[in-house]
Amino acid sequence: MEAVAVAILDHLQAHPLAADSADGVARWWLGPAHSNVTVEQVERALNLLVSRRALRRLRLTDGTVLYSQPPPTRQ
């Protein structure tokens, strides 16, 4: 799970404005090295990153859940 979390953060470093569902993250954000990772494993990694405040979870009005980087904190 940690390797998947790192791959997600790597994607966000290259694409800081990216936002997607768990399915989209599994399908588009992870490279060929993670082609055998299930959506359930991606969801666990996403939840881990949300708990670490490295990602934010946003539920849309239609129930879709998107993940993205949290907004920058103001100093």
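Colleague: How many salt bridges does a search of the whole structure find?

Modeller: Side chains of opposite charge can pair when their charged atoms come close. A salt bridge here is a side-chain nitrogen of Lys or Arg within 4 Å of a carboxyl oxygen of Asp or Glu. The search finds one: Glu2 with Arg52, whose closest N and O atoms are 3.0 Å apart. This pair links distant parts of the chain, 50 residues apart, with Glu2 in helix α1 (residues 2-14) and Arg52 in the loop between α3 (39-51) and β2 (56-59). Helices (H or I, at least four residues) and strands (E, at least two) are DSSP runs, numbered from the N terminus. The model is predicted: local features need pLDDT of at least 70, side-chain atom pairs count only at pLDDT 80 or more, and totals for chains, interfaces and linings use all residues. Residues are numbered from 1 along each chain as its sequence is written, and side-chain values use heavy atoms, leaving out hydrogens and water.

Colleague: Is Glu2 buried, partly exposed or exposed?

Modeller: Buried means under 20% relative accessible area, exposed over 50%, and partly exposed in between (1.4 Å probe, protein chains only). Glu2 is partly exposed, because its relative accessibility is 41%. Arg52, at 47%, is also partly exposed.

Colleague: Which strands form the sheet, and in what order?

Modeller: Strands of a sheet pair through backbone hydrogen bonds, either parallel or antiparallel. Two strands count as paired if DSSP finds at least two bridges between them. Here three strands form an open antiparallel sheet in the order β1-β3-β2. β1 and β2 stand at the edges, each with a single partner strand, so one side of each lacks a neighbour in the sheet.
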